[in-house]
Amino acid sequence: MIKESVQAFPISKVRQDFPILHQEVYGKPLVYFDNAASSQKPKVVIDAISDYYNQINSNIHRGVHFLSQQATDAYEAARETIRKHLNAEKSHEIIYTKGTTDGINLVASSLGQGLIKSGDEILVSQLEHHSNIVPWQMLCERSGAVLKVIPINERGELIQAEFEKLLSAKTKLLAVNHISNAMGTINPIKEMIQKAHEYGAWVLIDGAQSVPHMAVDVQDLDADFYTFSGHKLFGPTGVGVLYGKEKLLEMMPPYQGGGEMIAEVSFEKTTYAGLPHKFEAGTPNIAGGIVLAKAIDYVNQIGLDAIGAYENELLHYGTQRLKSQFPDLRIIGEAENKASVISFLLGDIHPYDVGVILDKLGVAVRTGHHCAQPIMQHYGINGTIRASFAFYNTKSEIDQMIDALDRAHNMLA
Ligand code: PLP
C-alpha cells in the first residue's frame, strides 16, 4: 500500500518547487536534512511574500482605505484556511502567534493569572522541547503549582502506565508534544487527551513537528489547545498558530496589552476585544499570516497522506542503511510509531565533529541536544546527530549522507 503511494509520489516535480535545493555547498550538491529545525519554502510561498509587499502592504483592521481592506481580507481569509486545515469549529479559535514557543507562553502566562493555583499539578513529559518545559516551570515558580514529568522507556516512548499513575484530581494541565523533535516519537495523544479529560485537566498539544507531516483534526483529538510554527510548515518564520477551544479562550485573561486587543480604553477602565483579537495585541506579522495559508494550500495540493507515506519510506530506508553500514552506530529513539527523524551516534565520535565533516560534504544535519536536554539526560549523552527528512528529500540524498558518514567515520573513529 505504502509502496504504491510512494511510487506515485511526484518527487521530481516537488523538488522543482524548492529553488534552494538546487545548489552546491562547498562544491557538493546540497542535502538538507535539518527539516525538524526549519523547513525550506516552495516558490509559491516565496512569491506570495513579495506579492504581499508589492501589492497590498498596509496595516490591518484599522484602515478604511483600499489597501488596508485588502490586507485585512487576506489576513482573515488566511485564518479561515488555517481553521479548515485544523478542522477547528470557529475561526476565532485560531490565534495568530509568532510560533510554537509564543503559543505555549501565551497559554502559560494567561493561565498563570489565577487559573492555575498553588498545589495544582502540570504534567509534561520527558520528551518535550524546552519550549514546552520552561514556560510551565516559570508558571510553577510564580503560582506554586507543581510540575510532574511522564517518563519514557528505552525506545523513547512515553510510559502510558506511568502517565496514568500521575493523573489525579490535582492535575490541571497536560502539556505534551504530538511528535518529539529529538527522536521522532509519535505520541498517542488522542488517548492521552481522553484520559486527562477524565480528571478534568486541560490539554495543550505542541504540534510543531506534527503539522508539517500529518493531517491534524483538533475536534477529533478533542485538544483544548494545539500550537505550531509556520516556518516548520514550509511557511515563513515569525508566524505561528495557537488553536484554543472557544470556551477556554473566552475564560482566559489577555496575555499582552496594547492596540488591537481592546474594545474601549480610558484611564479608569479598559475593556477587551472579543476573540481572537483579545490575544493579538499590536500589529501582527501580516505577510506571515497570509503566506502561511499559501504554505497550507501547497501541502494540501500534494496531500498529507501521500507526504506521510513517502516520508515513512525515507525513514525506513535511512534507518536500514545506517544500521547495515555502521555496526557501531546507535540509534537514539526507536519508537514503534515514529516520524521521519533519525537521531544517532557514530561510535564514540562527538556528534559535533561528525556534523562539521558532513557539512563540508554538502550534508546539513543538526547536532547537539536539539533543545531537549532532559531526553539526553535520560540516555546519559550530551547530544546526537539528527537527520530529519521532508517530502522533498530523496533516497539518493540518504545515500550521499551515508557516503559522507563513511568519510567521517574513517577520519575520526
Ligand atoms: N516544540 C517542538 C517539538 C519543536 O520541535 C520546536 C522547534 O524545534 C518548538 C517547540 C519551538 O518552535 P519555535 O522555535 O518555532 O517556536
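This is a predicted model: local features need pLDDT of at least 70, side-chain atom pairs count only at pLDDT 80 or more; totals for chains, interfaces and linings use all residues.
**The overall fold**
- If you count up the secondary structure, the protein chain has 15 helices and 17 strands.
- A compact globule of 413 residues would have a radius of gyration near 22 Å, and the protein chain agrees because its own value is 22 Å.
- Along the principal axes, the C-alpha atoms fill a box of roughly 70 × 55 × 40 Å.

**Contacts and surface**
- Take the contacts in the protein chain with a separation of 6 or more: 71% of them come from residues 24 or more positions apart.
- The protein chain exposes about 17,400 Å², and carbon and sulfur atoms supply 51% of that area.

**Around the ligand**
- Which residues sit around the ligand? They are A36, T100, T101, H129, S131, N181, D206, A208, Q209, S229, H231 and K232.
- This shell splits into two nonpolar, eight polar and two charged residues.
- On the nitrogen side of things, a ligand nitrogen atom lies 2.5 Å from an N or O atom in the side chain of D206.
- A ligand oxygen atom is 2.7 Å from an N or O atom in the S229 side chain, and an oxygen atom of the ligand is 2.5 Å from an N or O atom in the K232 side chain.
- Taken alone, the ligand exposes 390 Å², and the protein buries 85% of that.

Technical notes. Residues are numbered from 1 along each chain as its sequence is written. Side-chain values use heavy atoms; hydrogens and water are left out. A residue is near a molecule or strand if one of its heavy atoms lies within 4 Å of it. A polar contact is a pair of N or O atoms within 3.5 Å; within protein, one must be able to donate a hydrogen and the other to accept it, and residues adjacent in sequence count only if both atoms are side-chain atoms. Accessible areas come from the Shrake-Rupley method with a 1.4 Å probe; for residues, only the protein chains shown count as cover. Ala, Val, Leu, Ile, Met, Phe, Trp, Tyr, Cys and Pro count as nonpolar, Asp, Glu, Lys and Arg as charged, and the others, Gly among them, as polar. Helices (H or I, at least four residues) and strands (E, at least two) are DSSP runs, numbered from the N terminus. The radius of gyration is taken over C-alpha atoms; the globule rule is 2.2 Å times the number of residues to the power 0.38. Contact means heavy atoms within 4.5 Å.
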